[in-house]
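I opened my notebook to see how this protein is put together. Here is what I looked up, entry by entry.

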Amino acid sequence: MLSLPSRPEDAAEPPQGASAVARRWMPPAVDATEARAVAMLLRLLLAVAGYQLLTLLWSPPSAGLPGQALTVCGMLTCLVSLELLRRRRLHLSVAAFVLSNLVLTSVAYGYWGLRAQMQGQLLQLLPVLLAGALLGRRALWLAAGWLGGLLALGAWLDAAAGFYLPMRVELALRDLALAGFGTAMAAFVLDQSLSSLRDNLRIAQRRGTDLARKRDELQLEMHEKERSREQLVHALKIENVGRLASGVAHDFNHLLALIMGYAGKGRRSDDPAELRAALQGVESAARRAGAVTRRLLDFSRQDVARPQLLDAARTVAAMEPMLRQLFDARVAFALDTGGVRCQIHFDPAQLELVLLSLAANAQQAMPDGGTFRLALSCREPGNELCVEVSDSGHGMSEEVRLRCLEPFFTTKPSGQGTGLGLAVAANLIKAADGRIVVDSAPGAGTCFHLWLPARPLPDAPRQPEVGVTIPY
């Protein structure tokens, strides 16, 4: 059964195939299925009304007044149904058309019999069956049953008009069989077609519901995965903060010694100029201490990733003081930006995290000292940046090299490593559409090649898009 939606959100645009007239007459607040039913009914009513008009204009005078009256009534029925449709009374419009045509058909068959209707029978019965199908399966078969009864009535009247002569009875039965079979087949085809369409619609709706549920589950899974990755990144930040703690403590001791020296100098002097200079020295040392704490807090804070365009050379050069804090005096630290003039799209804090993780692994691979080197290079035409991080440590076996980027894989004793540093670094590089290549051999050190998408640096000089640089 058709039903108009009661909520505005159920509304849909009319079908694309509808004409301009159909769009004007079609109720705007209907769903897609109902809109197609309205368009079908509208075309059916216009076609039947046009047929009735042509019949009225072309019928010979000998057709008689009863035939013309039935034709006019058929036209009025179409007009009434069209008006009801315009008033958004779709259900009532279909019901009025079906019932009115059944009544008119009953009058025609009861007055003229079956044989007189055989010539235009298809145009009389098929619109009634089509409209009945719009009301539902039960209405379709009720209309088909009514029409079958009218056919039987018309055949009986034909036989009665011939005084039930065997020849007339046989002719009436043959007409009844042909007309009844045609009507039954038309109703059956319509019923099966609509049943198939309804089944396909139910299947499509069920599959759409399943797809929507799967989509929601996938979005939830992606959200959980992203949150887990952010938590891993934050945990690795905290781990690296612990590694930086000794260097920060050394810097603070140095700055506190400067502050104490300037304070003692000012206390021993009565010269206003020397007092002013001592206070300026205290202020400068305090600012440097504040920069150290701010940089450490910014790095350890759990922020949402904010990728931005970074000048690769300046950004990496600004990280040199923090990277140096991981190594003692026995390690030779070398940084070569190569004068590259290219930009990368990366989050500055995550880039610091990646380089700190690689530097921390290098420091642990060189317990007796060695050489750590960080170099940048950019191939022509400047669309890919290579960050080379190497050390002269004990290196890795082929088995360890192949698995070093796997999550939770570590060669350290239990309780001394999480196996997340290199895995998170590789994940961040991959998320930026880059790749990481590991070269290592036992006793020959390790070299990490980080390949990142890049673009040439604009000609105009730009300020580095990084946080506060710690002065040393």
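**Entry 1: the overall picture.** Before counting, I noted that helices are DSSP runs of at least four residues and strands are runs of at least two, numbered from the N terminus. With that in hand, I found 13 helices and seven strands in the protein. I also reminded myself that this is a predicted model.

I then looked at how much of the protein is hidden. Of its 472 residues, 38% are buried. The accessible surface comes to about 26800 Å², and carbon and sulfur atoms account for 60% of that. I also checked the contacts between residues at least 6 apart in sequence: 72% of them join residues at least 24 apart.

**Entry 2: helix H5.** I started with helix H5, residues 121-135. Does its length fit what 1.5 Å a residue predicts, or does it disagree? The 15 residues should span 21 Å, and the end C-alpha atoms are 22 Å apart, so the two agree. Among the buried residues of H5 I listed Leu 125, Pro 127, Leu 129, Gly 132 and Ala 133. Just after H5, I saw that Gly 136 has a positive phi of about 130°.

**Entry 3: helix H6.** Next I turned to helix H6, which covers residues 137-161. I repeated the length check: 25 residues at 1.5 Å each should span 36 Å, and the end C-alpha atoms are 36 Å apart, which agrees. The buried residues of H6 include Leu 140, Leu 147, Leu 150, Leu 151 and Asp 158.

**Entry 4: a residue of H7.** I picked Thr 183, which lies in helix H7. Is Thr 183 buried or exposed? Its relative accessibility is 7%, so Thr 183 counts as buried. Which residues does Thr 183 contact, leaving aside neighbours within four places in sequence? I found Leu 125, Leu 129, Leu 147 and Leu 151. Leu 125 and Leu 129 are on my list of buried residues in H5, while Leu 147 and Leu 151 are buried residues of H6.

**Entry 5: a nonpolar patch.** Trp 141, Phe 181, Met 185, Phe 188 and Val 189 make a nonpolar patch of about 500 Å². Helix H7, residues 166-268, gives the largest share of the patch, with four residues. Trp 141 sits in helix H6. At 36% relative accessibility, Trp 141 counts as partly exposed.

Entry 6: I kept a general idea in mind here: in soluble globular proteins, nonpolar side chains tend to be buried together. The largest nonpolar core has 47 residues, and the members that touch the most others are Phe 327, Phe 346, Leu 355, Phe 372 and Leu 385. Helix H11, residues 348-365, gives the most to this core, with eight residues.

Not counting residues up to four places away in sequence, its contacts include Ala 312, Val 340, Ile 344, Leu 376, Leu 450 and Trp 451. There is also a second, separate core of 37 residues, and Leu 41, Ala 49, Leu 125 and Ala 133 are among its members.

**Entry 7: salt bridges.** My last topic was charge. Side chains of opposite charge can pair when their charged atoms come close. I counted 14 salt bridges in the structure.

Glu 83, Arg 86 and Arg 87 are linked in a network of them. Arg 86 meets Glu 83 at 2.8 Å, N to O. The two are three residues apart in helix H3, residues 65-86, so about one helical turn separates them. Arg 87 also pairs with Glu 83, and their closest N and O atoms are 2.9 Å apart. As for accessibility, Glu 83 is partly exposed at 27%, Arg 86 is partly exposed at 45%, and Arg 87 is exposed at 55%.

Finally, I looked at Asp 336 and Arg 373, which form a salt bridge with closest N and O atoms 3.7 Å apart. Asp 336 is in strand S2 and Arg 373 in strand S4, so this pair ties together parts that are 37 residues apart in sequence. Asp 336 is partly exposed at 37%, and Arg 373 is partly exposed at 33%.

Terms used
Residues numbered from 1 in each chain as written. Predicted model: local features only at pLDDT ≥ 70, side-chain atom pairs only at ≥ 80, totals over all residues. Heavy atoms only, no water. Expected span 1.5 Å × (residues − 1). Buried < 20%, exposed > 50% of the residue type's maximum accessible area, 1.4 Å probe, protein only. Core = buried A, V, L, I, M, F, W, Y, C linked by side-chain atoms within 4.5 Å. Contact = heavy atoms within 4.5 Å. Salt bridge = Lys/Arg side-chain N within 4 Å of Asp/Glu carboxyl O. Areas by Shrake-Rupley, 256 points an atom, 1.4 Å probe, with all protein chains shown as cover. Patch = residues over 30% accessible without salt bridge, like charges linked within 9 Å, V, L, I, M, F, W, Y side chains within 5 Å.
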